[in-house]
Amino acid sequence: MSYERSVSAPSHELSPETVWHIQMPQIRFGRDATDELAFQLRDLGVEEGAHGLIITDETLSDIGHVGRVETHLEDAEFAVDVYDESEREPSIADIENCLAFVRDEKGEEGYDFYVGLGGGSCMDTAKTTRAVIANGGGPLDYIAEPTGEGKALDESGPPLVLMPTTAGTGAEISPVSILSVEEKEIKEGISSNHIRADAAVLDPTLTTTLPPELTAKTAMDALGHAIEGYTTHEYDSLLRPTDPRERPVYAGRTPLTEMFSEKAIDLLSGNVRKAVHNGDDLEARENMLQGALFGAIAGLTAGASLCHAMAYPVGNKYHTYHGETIAVLTPASTLGYNAASDPERFASLARRFGVDTTGMSTNEAADALKGEYIRLQRDLNVLPSGLAELAGITEDDVDWLAKQTVDTQARLLRCNPRPVTEEDVHAIFTDALYNWEP
Ligand SMILES: [Fe+2]
């Protein structure tokens, strides 16, 4: 079974995988790490007098974070322009706007460096812009066929540093940028090690301005990465590619990703209530940002699975936030359906979530995890009770959602620890309509 599930089918001999690999940007973390951004850029080879672009959004300009970064860079003798028109869940047209800005200001060569400041959408806009300027053409050239041309990115371009202002998406370290293709009602990713940033600067003081609702939504995305990464298949259940370059980006869990998942789950589940209900609690914010980073290192290396696969069609059709979609789908998918793949592992997760499993069988403990997760969601007061409350989704919509998931998300479904059919996905969507009585 595990052999059939194998990889994204690069050429391989029939021998199991024996090697894992991790690639990360440089990571600089801590209160006021923003003050070391110029140092970080110089460390990446950016010289005095270089001209850079901050890619961000209007809200972050209005609350002063952009000004803080801009002043810091100008004090360090860099010239800086600001593009603050990044849109939430960027479309191809949104990326083209940013590309046009760069080409108008600096021609085909573009800027000497880029800083992406904001949530996942700003960071993905920055990642895609830098990569397309460096490789030429437009974003559709690099999106997989049949939607795009499926060309490979050959180079990364000048230095890119990402600074998250939410604790959730993991875009600051991931090798993927997610774009929506509006005409087709789908989301597509450009996935390449060349799209990854060179460095991530994570400063919890930039996250205290995030309102409770967004704090909760992004936290549930981070928790999803940690749990999906912890419960996905093992790296050595795949076949070993003949050429190491063809090892998939999402390659299964390893001892290293498991360690990061465990720590991420502790930090996120232990601090999310405090961060949502008291946003100024800087220690809680710091723990959340660290938890989100660790969750991303785990989940976005090992690979997100069924829940993320189901979330993309929902987000694209109903324009829901990614994190709240993950929150609503996790109980039925990751914690419900997938628990059968390894009840022992889910039982151990229940203990990590603080469930007293004394006297419970393994299966009872695994079930109790789902209950505890839902209790956490309800404690946050700002998350919807299911798909119905999220976007008015009804049983009539489930056929389309299930078909869309199976048709467009093969890359993630292949990583799922339990094989899944369209009927299964249908049942899971139905289960997720109501996680509790609203
Ligand atoms: Fe996610």
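Helix H4 lies across strands S3, S4 and S5 and runs at about 150 degrees to S4 (axes are lines fitted to C-alpha atoms, for helices over the stretch in contact, and angles run from 0 to 180 degrees between N-to-C directions). Helices (H or I, at least four residues) and strands (E, at least two) are DSSP runs, numbered from the N terminus. The model is predicted: local features need pLDDT of at least 70, side-chain atom pairs count only at pLDDT 80 or more, and totals for chains, interfaces and linings use all residues. Residues are numbered from 1 along each chain as its sequence is written, and side-chain values use heavy atoms, with hydrogens and water left out.

The strands S2-S9-S6-S5-S3-S4, in that order, form an open sheet of 6 strands with parallel pairing (two strands pair if DSSP finds at least two bridges between them). S2 and S4 stand at the edges with a single partner strand each, so one side of each has no neighbour in the sheet. The twist from one strand to the next averages 20 degrees. S3 and S4 pair in the parallel sense over 5 bridges; Gly 52 has Val 80 in S4 as its bridge partner.

Just after H4, Gly 107 takes a positive phi of about 70 degrees.

Conventions: Contact = heavy atoms within 4.5 Å.
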